[in-house]
Amino acid sequence: MFLGLDIGSSSTKLAVLDGESGRTLAAVAYPDTELEISSPQAGFAEQDPDTWWHCVEQGLAKIAATTDIDLKHIEAIGISYQMHGLVLVDDQQQVLRPSIIWCDSRAVPYGDAALTELGDDYCFGHLLNSPGNFTAAKLRWVQENQPKLFTRIDKVMLPGDYIAMRLSGQVTTTASGLSEGTFWDYRERAPAQTLLDHWQIPAALLPARVPNIGEQGVVSDAVAAQLGLKSGVKISYRAGDQPNNAFSLNVREPGEVAATAGTSGVIYGVTEHNVADRQSRVNTFVHVTDSEAQRRNGVLVCVNGTGRLYSWLRKMLATGGEVSYPLLNELAAKVPIGSEGLVFHPFGNGAERIFQNQNLGAHIRHIDFNRHGLGHMVRAAQEGIVFALNQGFDVLKSIGGSCEVIKVAKGNMFLSDVFAHTFASTTQAAIEIYDTDGAAGAARGAALGSAYYASANEAFAGLKCIDVIEPDAAQAEQYQAAYQHWQEQLPVA
(Lines give C-alpha, C1' and ligand atoms only; values in the text may rest on other atoms or scores of the structure.)
Protein backbone atom coordinates (compact mmCIF):
# COMPACT_ATOMS: atom_id res chain seq x y z
CA MET A 1 0.00 0.00 0.00
CA PHE A 2 1.07 3.58 -0.68
CA LEU A 3 0.20 6.83 1.09
CA GLY A 4 -0.47 10.16 -0.61
CA LEU A 5 -0.48 13.47 1.26
CA ASP A 6 -1.99 16.59 -0.31
CA ILE A 7 -1.05 19.60 1.83
CA GLY A 8 -3.54 22.34 0.98
CA SER A 9 -4.26 25.75 2.43
CA SER A 10 -7.82 24.63 3.27
CA SER A 11 -7.07 21.14 4.61
CA THR A 12 -4.78 18.15 4.20
CA LYS A 13 -6.11 15.21 2.22
CA LEU A 14 -4.72 11.71 2.62
CA ALA A 15 -5.25 8.67 0.41
CA VAL A 16 -4.11 5.06 0.64
CA LEU A 17 -3.63 3.29 -2.68
CA ASP A 18 -3.63 -0.45 -3.29
CA GLY A 19 -0.81 -0.88 -5.77
CA GLU A 20 -2.04 -4.17 -7.17
CA SER A 21 -5.52 -2.99 -8.17
CA GLY A 22 -4.76 0.73 -8.51
CA ARG A 23 -7.79 1.45 -6.30
CA THR A 24 -8.00 4.00 -3.49
CA LEU A 25 -8.63 2.09 -0.27
CA ALA A 26 -9.13 5.12 1.96
CA ALA A 27 -9.49 8.87 1.51
CA VAL A 28 -9.78 11.32 4.39
CA ALA A 29 -9.33 15.02 5.00
CA TYR A 30 -8.34 16.93 8.11
CA PRO A 31 -9.74 19.17 9.45
CA ASP A 32 -13.41 18.97 8.47
CA THR A 33 -13.63 22.77 8.38
CA GLU A 34 -11.35 25.03 6.36
CA LEU A 35 -8.04 26.05 7.88
CA GLU A 36 -7.65 29.70 8.68
CA ILE A 37 -5.41 31.94 6.60
CA SER A 38 -3.92 34.75 8.68
CA SER A 39 -3.84 38.20 7.08
CA PRO A 40 -2.02 40.56 9.46
CA GLN A 41 -2.07 43.28 6.79
CA ALA A 42 -4.02 43.82 3.58
CA GLY A 43 -2.61 41.55 0.88
CA PHE A 44 -0.83 39.27 3.39
CA ALA A 45 -1.63 35.55 3.66
CA GLU A 46 0.17 33.28 6.13
CA GLN A 47 -0.13 29.88 7.76
CA ASP A 48 1.88 28.09 10.45
CA PRO A 49 3.73 25.11 8.89
CA ASP A 50 3.28 23.20 12.16
CA THR A 51 -0.45 23.28 11.43
CA TRP A 52 0.14 21.31 8.23
CA TRP A 53 2.13 18.71 10.14
CA HIS A 54 -0.63 18.46 12.76
CA CYS A 55 -3.08 17.80 9.91
CA VAL A 56 -0.88 14.94 8.67
CA GLU A 57 -0.76 13.43 12.15
CA GLN A 58 -4.51 13.72 12.68
CA GLY A 59 -5.30 12.51 9.18
CA LEU A 60 -3.30 9.32 9.72
CA ALA A 61 -5.00 8.84 13.08
CA LYS A 62 -8.34 9.24 11.31
CA ILE A 63 -7.44 6.52 8.79
CA ALA A 64 -6.39 4.20 11.61
CA ALA A 65 -9.58 4.89 13.58
CA THR A 66 -12.14 4.75 10.74
CA THR A 67 -10.81 2.01 8.42
CA ASP A 68 -9.38 -1.48 8.78
CA ILE A 69 -6.11 -0.39 7.12
CA ASP A 70 -2.95 -1.29 8.99
CA LEU A 71 -0.64 1.69 8.52
CA LYS A 72 2.36 -0.61 8.94
CA HIS A 73 1.62 -1.93 5.44
CA ILE A 74 2.46 1.45 3.91
CA GLU A 75 5.54 1.02 1.69
CA ALA A 76 6.13 4.57 0.43
CA ILE A 77 4.79 8.12 0.74
CA GLY A 78 4.14 10.77 -1.91
CA ILE A 79 3.67 14.45 -1.12
CA SER A 80 1.63 17.06 -2.97
CA TYR A 81 1.53 20.59 -1.61
CA GLN A 82 0.28 24.15 -2.07
CA MET A 83 2.73 25.85 -4.41
CA HIS A 84 4.90 28.97 -3.98
CA GLY A 85 4.83 29.08 -0.18
CA LEU A 86 7.94 30.21 1.71
CA VAL A 87 9.03 28.17 4.74
CA LEU A 88 12.15 29.23 6.66
CA VAL A 89 13.99 27.11 9.24
CA ASP A 90 17.10 27.58 11.34
CA ASP A 91 19.97 25.12 11.77
CA GLN A 92 17.88 23.17 14.29
CA GLN A 93 15.07 22.77 11.72
CA GLN A 94 12.85 25.11 13.73
CA VAL A 95 10.41 27.33 11.83
CA LEU A 96 11.43 30.98 12.02
CA ARG A 97 8.18 32.65 10.98
CA PRO A 98 4.76 31.77 9.56
CA SER A 99 4.83 30.62 5.96
CA ILE A 100 4.10 33.31 3.38
CA ILE A 101 1.72 31.28 1.22
CA TRP A 102 0.69 31.26 -2.42
CA CYS A 103 -2.05 33.94 -2.31
CA ASP A 104 0.06 36.50 -0.43
CA SER A 105 0.67 39.64 -2.53
CA ARG A 106 3.37 41.49 -0.56
CA ALA A 107 6.29 40.44 -2.79
CA VAL A 108 4.88 41.80 -6.08
CA PRO A 109 6.97 45.03 -6.02
CA TYR A 110 10.16 43.03 -5.39
CA GLY A 111 9.53 40.72 -8.32
CA ASP A 112 8.61 43.61 -10.58
CA ALA A 113 11.80 45.46 -9.64
CA ALA A 114 13.92 42.39 -10.37
CA LEU A 115 12.33 42.06 -13.81
CA THR A 116 13.29 45.65 -14.59
CA GLU A 117 16.79 45.35 -13.14
CA LEU A 118 17.68 41.95 -14.62
CA GLY A 119 15.84 42.53 -17.88
CA ASP A 120 13.35 40.61 -19.99
CA ASP A 121 16.00 38.59 -21.82
CA TYR A 122 17.37 37.07 -18.63
CA CYS A 123 14.07 36.55 -16.82
CA PHE A 124 12.14 35.09 -19.74
CA GLY A 125 15.14 33.37 -21.30
CA HIS A 126 16.47 31.73 -18.12
CA LEU A 127 13.68 31.76 -15.53
CA LEU A 128 10.82 31.55 -18.12
CA ASN A 129 8.94 33.88 -15.76
CA SER A 130 9.14 37.23 -14.07
CA PRO A 131 10.19 36.73 -10.42
CA GLY A 132 6.70 38.15 -9.86
CA ASN A 133 5.13 37.08 -6.60
CA PHE A 134 6.87 33.73 -6.29
CA THR A 135 8.92 32.20 -3.49
CA ALA A 136 12.21 33.92 -4.33
CA ALA A 137 10.54 37.34 -4.25
CA LYS A 138 8.94 36.46 -0.91
CA LEU A 139 12.38 35.61 0.43
CA ARG A 140 13.61 38.98 -0.82
CA TRP A 141 10.77 40.63 1.14
CA VAL A 142 11.97 38.89 4.32
CA GLN A 143 15.55 39.97 3.60
CA GLU A 144 14.48 43.61 3.26
CA ASN A 145 11.86 43.78 6.00
CA GLN A 146 13.07 41.26 8.61
CA PRO A 147 16.87 41.42 8.26
CA LYS A 148 17.66 39.99 11.72
CA LEU A 149 15.44 37.00 11.05
CA PHE A 150 17.03 36.58 7.61
CA THR A 151 20.46 36.10 9.18
CA ARG A 152 19.10 33.12 11.16
CA ILE A 153 17.87 31.23 8.09
CA ASP A 154 19.60 27.93 7.48
CA LYS A 155 17.35 26.63 4.71
CA VAL A 156 14.54 27.93 2.48
CA MET A 157 11.79 25.46 1.65
CA LEU A 158 8.45 25.01 -0.03
CA PRO A 159 5.54 23.53 1.97
CA GLY A 160 6.10 20.01 0.60
CA ASP A 161 9.79 20.21 1.45
CA TYR A 162 8.82 21.04 5.02
CA ILE A 163 6.58 17.97 5.31
CA ALA A 164 9.35 15.79 3.85
CA MET A 165 11.71 17.28 6.45
CA ARG A 166 9.33 16.47 9.28
CA LEU A 167 9.05 12.90 8.02
CA SER A 168 12.72 12.24 7.36
CA GLY A 169 14.73 14.82 9.29
CA GLN A 170 16.45 15.78 6.01
CA VAL A 171 16.04 19.09 4.17
CA THR A 172 15.67 18.54 0.41
CA THR A 173 13.83 19.98 -2.56
CA THR A 174 13.25 19.19 -6.25
CA ALA A 175 13.94 20.90 -9.57
CA SER A 176 10.19 21.31 -10.04
CA GLY A 177 9.98 22.97 -6.63
CA LEU A 178 12.85 25.33 -7.36
CA SER A 179 11.21 26.30 -10.65
CA GLU A 180 7.92 27.25 -8.97
CA GLY A 181 9.88 29.63 -6.76
CA THR A 182 11.79 31.11 -9.76
CA PHE A 183 14.96 29.67 -8.24
CA TRP A 184 15.60 27.58 -11.40
CA ASP A 185 17.59 28.45 -14.53
CA TYR A 186 16.12 26.47 -17.44
CA ARG A 187 19.10 27.04 -19.73
CA GLU A 188 21.66 25.97 -17.17
CA ARG A 189 19.46 23.24 -15.63
CA ALA A 190 20.64 24.49 -12.25
CA PRO A 191 19.66 26.97 -9.51
CA ALA A 192 19.36 30.54 -10.83
CA GLN A 193 22.67 31.91 -9.62
CA THR A 194 22.26 35.26 -11.38
CA LEU A 195 19.00 35.95 -9.53
CA LEU A 196 20.52 34.81 -6.23
CA ASP A 197 23.54 37.06 -6.75
CA HIS A 198 21.33 40.01 -7.71
CA TRP A 199 19.42 39.72 -4.45
CA GLN A 200 22.49 38.70 -2.43
CA ILE A 201 20.84 35.46 -1.39
CA PRO A 202 23.40 32.77 -0.48
CA ALA A 203 22.99 29.66 -2.63
CA ALA A 204 23.62 27.59 0.52
CA LEU A 205 20.11 28.51 1.69
CA LEU A 206 18.67 26.22 -1.01
CA PRO A 207 18.31 22.56 0.01
CA ALA A 208 19.96 19.66 -1.79
CA ARG A 209 17.95 18.37 -4.76
CA VAL A 210 16.27 14.97 -5.03
CA PRO A 211 14.24 13.54 -7.95
CA ASN A 212 10.59 14.50 -8.30
CA ILE A 213 9.79 10.81 -8.78
CA GLY A 214 12.30 8.50 -7.10
CA GLU A 215 14.03 7.92 -3.81
CA GLN A 216 14.04 11.09 -1.70
CA GLY A 217 14.71 9.65 1.74
CA VAL A 218 13.04 7.49 4.38
CA VAL A 219 10.80 8.25 7.33
CA SER A 220 12.89 8.40 10.48
CA ASP A 221 12.39 5.64 13.03
CA ALA A 222 11.13 8.07 15.67
CA VAL A 223 8.52 9.62 13.34
CA ALA A 224 7.49 6.21 12.01
CA ALA A 225 6.79 5.03 15.56
CA GLN A 226 4.90 8.26 16.31
CA LEU A 227 2.68 7.93 13.22
CA GLY A 228 2.13 4.17 13.43
CA LEU A 229 4.22 3.38 10.34
CA LYS A 230 6.82 0.65 10.01
CA SER A 231 10.50 1.46 9.92
CA GLY A 232 12.08 2.33 6.58
CA VAL A 233 9.05 3.74 4.72
CA LYS A 234 10.31 5.51 1.59
CA ILE A 235 9.53 9.07 0.54
CA SER A 236 9.49 8.69 -3.25
CA TYR A 237 7.40 11.45 -4.83
CA ARG A 238 7.00 15.21 -4.39
CA ALA A 239 5.22 17.83 -6.48
CA GLY A 240 3.39 21.12 -6.17
CA ASP A 241 -0.37 20.71 -6.23
CA GLN A 242 -0.85 21.72 -9.86
CA PRO A 243 1.88 19.55 -11.43
CA ASN A 244 0.56 16.81 -9.14
CA ASN A 245 -3.04 17.37 -10.23
CA ALA A 246 -1.92 16.94 -13.83
CA PHE A 247 0.07 13.83 -12.91
CA SER A 248 -2.95 12.45 -11.01
CA LEU A 249 -4.95 12.68 -14.25
CA ASN A 250 -2.18 11.01 -16.28
CA VAL A 251 -1.32 14.29 -17.98
CA ARG A 252 2.34 13.65 -18.69
CA GLU A 253 3.01 14.29 -22.38
CA PRO A 254 3.18 17.41 -24.60
CA GLY A 255 -0.24 18.63 -25.69
CA GLU A 256 -2.11 17.11 -22.74
CA VAL A 257 -4.04 19.47 -20.47
CA ALA A 258 -5.49 19.23 -16.96
CA ALA A 259 -7.66 21.59 -14.96
CA THR A 260 -8.67 21.96 -11.36
CA ALA A 261 -11.06 24.24 -9.51
CA GLY A 262 -10.30 23.98 -5.81
CA THR A 263 -9.41 26.97 -3.63
CA SER A 264 -7.74 28.38 -6.72
CA GLY A 265 -8.49 27.43 -10.33
CA VAL A 266 -5.90 26.22 -12.79
CA ILE A 267 -5.53 25.11 -16.38
CA TYR A 268 -2.22 23.29 -16.84
CA GLY A 269 -0.75 22.19 -20.19
CA VAL A 270 2.37 20.07 -20.71
CA THR A 271 5.01 21.07 -23.27
CA GLU A 272 8.49 19.88 -24.24
CA HIS A 273 9.60 23.45 -24.95
CA ASN A 274 10.87 26.30 -22.77
CA VAL A 275 7.83 28.54 -23.23
CA ALA A 276 7.55 32.01 -21.71
CA ASP A 277 4.81 34.64 -21.74
CA ARG A 278 6.61 37.98 -21.62
CA GLN A 279 3.54 39.60 -20.08
CA SER A 280 3.65 37.06 -17.22
CA ARG A 281 -0.04 36.20 -17.52
CA VAL A 282 0.69 32.47 -17.55
CA ASN A 283 3.71 30.75 -16.02
CA THR A 284 6.00 27.86 -16.86
CA PHE A 285 7.35 25.38 -14.31
CA VAL A 286 9.27 22.12 -14.49
CA HIS A 287 6.73 19.31 -14.74
CA VAL A 288 6.97 16.41 -12.34
CA THR A 289 7.80 13.97 -15.19
CA ASP A 290 10.75 16.03 -16.44
CA SER A 291 14.06 14.18 -16.80
CA GLU A 292 17.43 14.53 -18.53
CA ALA A 293 16.15 12.17 -21.22
CA GLN A 294 12.96 14.13 -21.95
CA ARG A 295 12.16 17.73 -21.14
CA ARG A 296 8.70 18.30 -19.72
CA ASN A 297 7.40 21.69 -18.55
CA GLY A 298 3.97 22.71 -17.39
CA VAL A 299 2.38 25.98 -18.55
CA LEU A 300 0.01 27.13 -15.83
CA VAL A 301 -3.02 29.43 -15.95
CA CYS A 302 -4.12 30.40 -12.44
CA VAL A 303 -7.08 32.26 -10.91
CA ASN A 304 -6.81 32.68 -7.14
CA GLY A 305 -10.45 33.17 -6.27
CA THR A 306 -12.14 29.98 -7.51
CA GLY A 307 -13.40 27.69 -4.75
CA ARG A 308 -12.37 30.48 -2.39
CA LEU A 309 -15.10 32.64 -3.95
CA TYR A 310 -17.64 29.84 -3.73
CA SER A 311 -16.86 29.10 -0.08
CA TRP A 312 -17.05 32.83 0.72
CA LEU A 313 -20.43 33.07 -1.01
CA ARG A 314 -21.77 30.06 0.90
CA LYS A 315 -20.66 31.54 4.23
CA MET A 316 -22.26 34.89 3.44
CA LEU A 317 -25.53 33.15 2.66
CA ALA A 318 -25.40 30.85 5.67
CA THR A 319 -25.99 33.49 8.34
CA GLY A 320 -29.53 32.20 8.85
CA GLY A 321 -28.57 28.51 8.80
CA GLU A 322 -26.57 25.94 6.91
CA VAL A 323 -26.31 26.38 3.14
CA SER A 324 -24.84 23.46 1.20
CA TYR A 325 -22.89 23.50 -2.04
CA PRO A 326 -25.41 21.12 -3.69
CA LEU A 327 -28.17 23.62 -2.86
CA LEU A 328 -26.17 26.44 -4.44
CA ASN A 329 -25.63 24.30 -7.53
CA GLU A 330 -29.37 23.62 -7.76
CA LEU A 331 -30.12 27.33 -7.56
CA ALA A 332 -27.59 28.11 -10.30
CA ALA A 333 -29.13 25.49 -12.60
CA LYS A 334 -32.47 27.36 -12.56
CA VAL A 335 -30.94 30.53 -14.07
CA PRO A 336 -30.29 30.95 -17.81
CA ILE A 337 -26.84 31.22 -19.39
CA GLY A 338 -25.39 34.67 -18.77
CA SER A 339 -27.25 35.12 -15.47
CA GLU A 340 -29.53 37.68 -17.17
CA GLY A 341 -26.73 40.24 -17.31
CA LEU A 342 -25.38 39.86 -13.78
CA VAL A 343 -21.56 39.76 -13.79
CA PHE A 344 -19.24 38.41 -11.07
CA HIS A 345 -15.48 39.02 -11.26
CA PRO A 346 -13.82 36.54 -8.85
CA PHE A 347 -10.60 38.40 -8.06
CA GLY A 348 -10.82 38.81 -4.30
CA ASN A 349 -8.03 36.47 -3.20
CA GLY A 350 -4.84 38.43 -3.88
CA ALA A 351 -2.89 39.55 -6.92
CA GLU A 352 -3.91 37.75 -10.10
CA ARG A 353 -1.23 36.49 -12.50
CA ILE A 354 -3.41 36.63 -15.62
CA PHE A 355 -3.68 40.38 -15.02
CA GLN A 356 0.06 40.81 -14.43
CA ASN A 357 -0.22 40.63 -10.64
CA GLN A 358 -2.81 43.37 -10.31
CA ASN A 359 -4.93 43.03 -7.18
CA LEU A 360 -8.27 43.81 -8.79
CA GLY A 361 -10.64 42.78 -6.01
CA ALA A 362 -13.94 40.99 -6.57
CA HIS A 363 -16.85 42.82 -8.20
CA ILE A 364 -20.54 42.13 -8.72
CA ARG A 365 -21.99 44.26 -11.51
CA HIS A 366 -25.38 45.13 -12.98
CA ILE A 367 -27.58 43.94 -10.12
CA ASP A 368 -31.23 44.55 -10.94
CA PHE A 369 -33.40 44.31 -7.82
CA ASN A 370 -36.43 43.46 -9.92
CA ARG A 371 -34.81 40.61 -11.91
CA HIS A 372 -31.96 39.10 -9.98
CA GLY A 373 -32.17 36.71 -7.06
CA LEU A 374 -29.87 34.36 -5.20
CA GLY A 375 -29.70 31.89 -8.08
CA HIS A 376 -28.46 34.63 -10.42
CA MET A 377 -25.66 35.52 -8.01
CA VAL A 378 -24.60 31.89 -7.64
CA ARG A 379 -24.64 31.23 -11.38
CA ALA A 380 -22.81 34.50 -12.08
CA ALA A 381 -20.13 33.41 -9.60
CA GLN A 382 -19.67 30.06 -11.35
CA GLU A 383 -19.65 31.68 -14.79
CA GLY A 384 -17.20 34.33 -13.60
CA ILE A 385 -14.76 31.66 -12.44
CA VAL A 386 -14.96 29.86 -15.79
CA PHE A 387 -14.60 33.09 -17.76
CA ALA A 388 -11.56 34.12 -15.70
CA LEU A 389 -9.91 30.75 -16.39
CA ASN A 390 -10.78 31.01 -20.07
CA GLN A 391 -9.12 34.42 -20.17
CA GLY A 392 -5.90 32.67 -19.20
CA PHE A 393 -6.61 29.74 -21.53
CA ASP A 394 -6.79 32.22 -24.40
CA VAL A 395 -3.31 33.42 -23.42
CA LEU A 396 -2.00 29.85 -23.27
CA LYS A 397 -3.31 29.20 -26.78
CA SER A 398 -1.78 32.47 -28.03
CA ILE A 399 1.73 31.27 -27.10
CA GLY A 400 1.36 27.94 -28.84
CA GLY A 401 -0.83 25.77 -26.62
CA SER A 402 -3.88 24.04 -28.04
CA CYS A 403 -6.22 21.44 -26.73
CA GLU A 404 -9.39 19.58 -27.64
CA VAL A 405 -9.60 17.64 -24.36
CA ILE A 406 -9.14 18.81 -20.76
CA LYS A 407 -8.90 16.23 -17.97
CA VAL A 408 -10.35 17.00 -14.55
CA ALA A 409 -11.05 15.19 -11.30
CA LYS A 410 -14.60 14.71 -10.04
CA GLY A 411 -14.51 17.18 -7.18
CA ASN A 412 -14.68 20.79 -6.04
CA MET A 413 -16.36 23.08 -8.59
CA PHE A 414 -16.65 20.26 -11.12
CA LEU A 415 -19.30 18.70 -8.87
CA SER A 416 -21.60 21.38 -10.29
CA ASP A 417 -23.19 20.50 -13.64
CA VAL A 418 -23.57 24.21 -14.39
CA PHE A 419 -19.86 24.79 -13.84
CA ALA A 420 -18.76 21.74 -15.85
CA HIS A 421 -21.01 22.51 -18.83
CA THR A 422 -20.07 26.20 -18.77
CA PHE A 423 -16.41 25.19 -18.69
CA ALA A 424 -16.74 22.86 -21.69
CA SER A 425 -18.81 25.22 -23.81
CA THR A 426 -16.68 28.29 -23.02
CA THR A 427 -13.29 26.63 -23.62
CA GLN A 428 -14.72 24.59 -26.54
CA ALA A 429 -12.91 21.52 -25.18
CA ALA A 430 -14.33 18.16 -24.18
CA ILE A 431 -14.05 17.64 -20.42
CA GLU A 432 -12.99 14.15 -19.32
CA ILE A 433 -13.82 13.53 -15.66
CA TYR A 434 -11.83 11.03 -13.59
CA ASP A 435 -12.39 9.54 -10.16
CA THR A 436 -9.17 10.69 -8.51
CA ASP A 437 -7.71 13.57 -6.53
CA GLY A 438 -4.37 15.04 -5.54
CA ALA A 439 -3.81 12.69 -2.60
CA ALA A 440 -4.53 9.62 -4.73
CA GLY A 441 -2.19 10.97 -7.40
CA ALA A 442 0.57 11.47 -4.83
CA ALA A 443 0.06 7.90 -3.63
CA ARG A 444 0.33 6.66 -7.23
CA GLY A 445 3.48 8.73 -7.61
CA ALA A 446 4.90 7.13 -4.46
CA ALA A 447 4.30 3.69 -5.92
CA LEU A 448 5.98 4.67 -9.19
CA GLY A 449 8.87 6.41 -7.45
CA SER A 450 9.55 3.40 -5.22
CA ALA A 451 9.72 1.16 -8.33
CA TYR A 452 6.61 -0.82 -7.43
CA TYR A 453 5.42 -0.03 -10.94
CA ALA A 454 7.80 -0.62 -13.81
CA SER A 455 6.46 2.32 -15.85
CA ALA A 456 4.04 5.24 -15.70
CA ASN A 457 1.74 3.41 -18.12
CA GLU A 458 1.51 0.56 -15.63
CA ALA A 459 0.94 2.99 -12.78
CA PHE A 460 -2.09 4.54 -14.52
CA ALA A 461 -3.68 1.31 -15.77
CA GLY A 462 -6.25 1.54 -12.96
CA LEU A 463 -7.29 5.16 -13.66
CA LYS A 464 -10.72 5.30 -15.30
CA CYS A 465 -12.66 8.09 -17.02
CA ILE A 466 -16.14 8.23 -15.47
CA ASP A 467 -17.79 10.93 -17.63
CA VAL A 468 -17.23 13.14 -20.67
CA ILE A 469 -18.88 16.53 -21.17
CA GLU A 470 -18.80 17.85 -24.72
CA PRO A 471 -19.21 21.54 -25.67
CA ASP A 472 -22.85 22.31 -26.41
CA ALA A 473 -22.89 23.54 -30.01
CA ALA A 474 -26.51 24.68 -29.72
CA GLN A 475 -25.65 27.02 -26.84
CA ALA A 476 -22.16 28.09 -27.95
CA GLU A 477 -23.36 31.51 -29.09
CA GLN A 478 -24.99 32.21 -25.73
CA TYR A 479 -21.86 31.25 -23.80
CA GLN A 480 -19.64 33.36 -26.04
CA ALA A 481 -21.96 36.35 -25.68
CA ALA A 482 -21.90 35.97 -21.88
CA TYR A 483 -18.10 35.67 -21.93
CA GLN A 484 -17.75 38.80 -24.07
CA HIS A 485 -20.11 40.72 -21.77
CA TRP A 486 -18.03 39.59 -18.76
CA GLN A 487 -14.80 40.71 -20.49
CA GLU A 488 -16.21 44.13 -21.31
CA GLN A 489 -16.81 44.80 -17.60
CA LEU A 490 -13.31 43.85 -16.42
CA PRO A 491 -11.87 46.39 -13.94
CA VAL A 492 -8.39 46.21 -15.47
CA ALA A 493 -6.17 49.24 -14.97
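This is a predicted model: local features need pLDDT of at least 70, side-chain atom pairs count only at pLDDT 80 or more; totals for chains, interfaces and linings use all residues.
## Packing of helices α13 and α17

Two packed helices are described by the angle between their axes and the distance between the axes. For helix α13 (residues 374-398) and helix α17 (residues 476-488), the angle is about 85° and the axes lie 10 Å apart. Because angles of 65 to 115 degrees count as roughly perpendicular, α13 is roughly perpendicular to α17.

On the α13 side, the contact is made by Arg379, Gly384, Phe387, Ala388, Asn390, Gln391 and Asp394. Helix α17 contributes Tyr479, Ala482, Tyr483, Trp486 and Gln487. Taken together, the residues of this contact between α13 and α17 comprise 6 nonpolar, 4 polar and 2 charged.

## Helix α4

Helix α4 spans residues 135-145 and is mostly covered, with 9 of its 11 residues buried.

A search of the whole structure identifies 1 cavity of 30 Å³ or more. The volume of the largest cavity is about 50 Å³.

The lining of the largest cavity is formed by Val156, Met157, Leu158, Asp161, Thr173, Leu178, Phe183, Leu206 and Pro207. By class, this lining divides into 7 nonpolar residues, 1 polar residue and 1 charged residue.

## Methionine 83

Methionine 83 is placed in the loop between β5 (76-81) and β6 (87-89). Its relative accessibility is 4%, so methionine 83 counts as buried, the cut-off being under 20%.

Leaving aside residues up to four places away in sequence, methionine 83 touches Trp102, Glu180, Gly240, Asp241, Gln242, Pro243, Phe285 and Leu300. Methionine 83 and phenylalanine 134 are separated by 51 residues in sequence, and their C-alpha atoms are 9.1 Å apart in space.

## Serine 450

Serine 450 is located in the loop between α15 (438-449) and α16 (456-459). This serine has a relative accessible area of 15% and is therefore buried.

When residues up to four places away in sequence are not counted, serine 450 touches Phe2, Ala76, Lys234 and Ser236.

Definitions and conventions:
Residues are numbered from 1 along each chain as its sequence is written. Side-chain values use heavy atoms; hydrogens and water are left out. Buried means under 20% relative accessible area, exposed over 50%, partly exposed in between (1.4 Å probe, protein chains only). Helices (H or I, at least four residues) and strands (E, at least two) are DSSP runs, numbered from the N terminus. Axes are lines fitted to C-alpha atoms, for helices over the stretch in contact, and angles run from 0 to 180 degrees between N-to-C directions. Angles under 35 degrees count as roughly parallel, over 145 as roughly antiparallel, 65 to 115 as roughly perpendicular and the rest as oblique. Contact means heavy atoms within 4.5 Å. Ala, Val, Leu, Ile, Met, Phe, Trp, Tyr, Cys and Pro count as nonpolar, Asp, Glu, Lys and Arg as charged, and the others, Gly among them, as polar. On a 1 Å grid over the protein atoms alone, a cavity is a set of points where a 1.4 Å probe fits but cannot get out, and a pocket is an open set with protein on both sides within 12 Å along at least five of seven lines; lining residues have an atom within 4 Å of a point. Grid points are joined across faces, edges and corners, and a volume is the space filled by probe spheres set on the points.
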